[in-house]
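The sequence and structure are shown below.

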Amino acid sequence: MIAINRRLCVWILSLSLILTSCAGRKGREEAYSSSFFAMDTYMTFTVYDEDAKKAQSALRQAKEEIGRLEALWSVTDEDSDIYAVNHGGGRPVTVQEETAQIIQFALEMAEKTDGALEPTLYPVLTAWGFTKEENQIPSLEQIDRLLERVGYERVLVAGDQITLEEGMMLDLGAVGKGSAGDRAVQVIEKAGITSALLDIGGNIQAVGGKPDGSDWRLGLRSPFGEGIFGTLQISDRSVVTSGNYERYFIGEDGVRYGHIIDPATGCPVNNGLASVTVIAKEGRLCDALSTSLFVMGLEDAVSYWKEHQEEQIFDVIFVTEDQKVYLTERIKDRFNLQKDCREMKIHVIEAEK
Ligand code: AMP
Ligand code: MG
């Protein structure tokens, strides 16, 4: 079995940034950065300010906030809220307010996406070895047996008390980083910073625009290899990508198995999509949607966007395995295809009038 490919370590970014030399200047803002490993990925936070002390304090507080949330939401750390819930033996477990909120949000998104997002999929992820990076292909009987322990509808939330049936397990892998990013953004804004860019393992959360007020220009990483396929101009938005190219293994049967699982089958998604990038204000919404739209496949994901885009306000860039780019109309003028990717065809998805 070939080990999981985690190009993250080298690339760090699925959205590489084109910003350092062109951050823009209004006054005497300088860039201050902090890079660290947390929540199983590399993070780089960059804030722009005239006041070095203020900038460094904001960075420190944001990093501490990520550490605090990781300790609460880790599925493996025996002291975490999630671990306590997963080992509650069918009894209610009291969790911190922020844990109850993210669980509630994940369950709501699971319902909205008709179970494409499935926060209780952990037993199945374990069978495929994605939780320990010792991959294997489970038998269909094994998957069926484990799917009996999966079902977001059966999670009970009463205020800050969560109850899981024995054998069920919650995992915030698909929403935790986006939500932690939102909280880091809040910390940075509270510290008085108006221009910052948080890179959370390739997912980007922007505070404001560049120091001169113009948009950030982000490079969108190609799902087909190294380099970027396009750029996106945004301010004050989160940009989150999901794809099976990030983490996968090649089975003994020669098939590529990715880390995003279709809860309907218990098997890795293989529907012709190469990546899904979601753009919205909130990181947690982007994170939940990028994973679940990837599971849905292009057709259902486009229908979901048409149905929900006014209520949830988000945009999407889909890249298909046959190298087509589909993007929602609101962001078409903010996206530019890379020169060396001109063979990729662009389709604009329009809202229903
Ligand atoms: P993301 O990188 O945000 O797309 O999240 C993918 C991670 O979420 C995987 O590595 C798994 O831990 C977990 N996961 C995989 N499939 C699903 C799914 N259908 N619903 C919820 N979480 C999932
Ligand atoms: Mg996600």
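Which element gives the most to the lining of the second largest pocket? In this predicted model, that element is α7, with six residues. Helix α7 also supplies at least two residues of the lining of the largest pocket, and α7 packs with α8.

**Second largest pocket**
- The space in the second largest pocket amounts to about 290 Å³.
- Its lining comprises 18 residues, and those nearest the centre are Asp-182, Arg-183, Gln-186, Lys-281 and Glu-282.
- Along with α7, both α4 (97-112) and β7 (203-207) supply at least two lining residues each.

**Largest pocket**
- The largest pocket holds about 1200 Å³ of space.
- Among the 45 residues lining the largest pocket, Asp-171, Gly-173, Ala-174, Lys-177 and Arg-247 are the closest to its centre.
- At least two lining residues come from each of α2 (52-73), α5 (122-127), α7 (176-190), β10 (238-242) and α8 (283-296).
- The lining of the largest pocket contains 22 nonpolar, 13 polar and ten charged residues.

**Packing of α7 with α8**
- The axes of α7 and α8 lie 7 Å apart, at an angle of about 170°.
- Because this angle is over 145 degrees, α7 is roughly antiparallel to α8.
- On the α7 side, Gly-176, Lys-177, Gly-178, Ser-179 and Asp-182 meet Gly-283, Arg-284 and Asp-287 of α8.
- The residues of this contact comprise four polar, four charged and no nonpolar.

Conventions. Residues are numbered from 1 along each chain as its sequence is written. Chains are lettered from A and ligands numbered from 1 in the order in which they are written. This is a predicted model: local features need pLDDT of at least 70, side-chain atom pairs count only at pLDDT 80 or more; totals for chains, interfaces and linings use all residues. Side-chain values use heavy atoms; hydrogens and water are left out. On a 1 Å grid over the protein atoms alone, a cavity is a set of points where a 1.4 Å probe fits but cannot get out, and a pocket is an open set with protein on both sides within 12 Å along at least five of seven lines; lining residues have an atom within 4 Å of a point. Grid points are joined across faces, edges and corners, and a volume is the space filled by probe spheres set on the points. Helices (H or I, at least four residues) and strands (E, at least two) are DSSP runs, numbered from the N terminus. Ala, Val, Leu, Ile, Met, Phe, Trp, Tyr, Cys and Pro count as nonpolar, Asp, Glu, Lys and Arg as charged, and the others, Gly among them, as polar. Axes are lines fitted to C-alpha atoms, for helices over the stretch in contact, and angles run from 0 to 180 degrees between N-to-C directions. Angles under 35 degrees count as roughly parallel, over 145 as roughly antiparallel, 65 to 115 as roughly perpendicular and the rest as oblique. Contact means heavy atoms within 4.5 Å.
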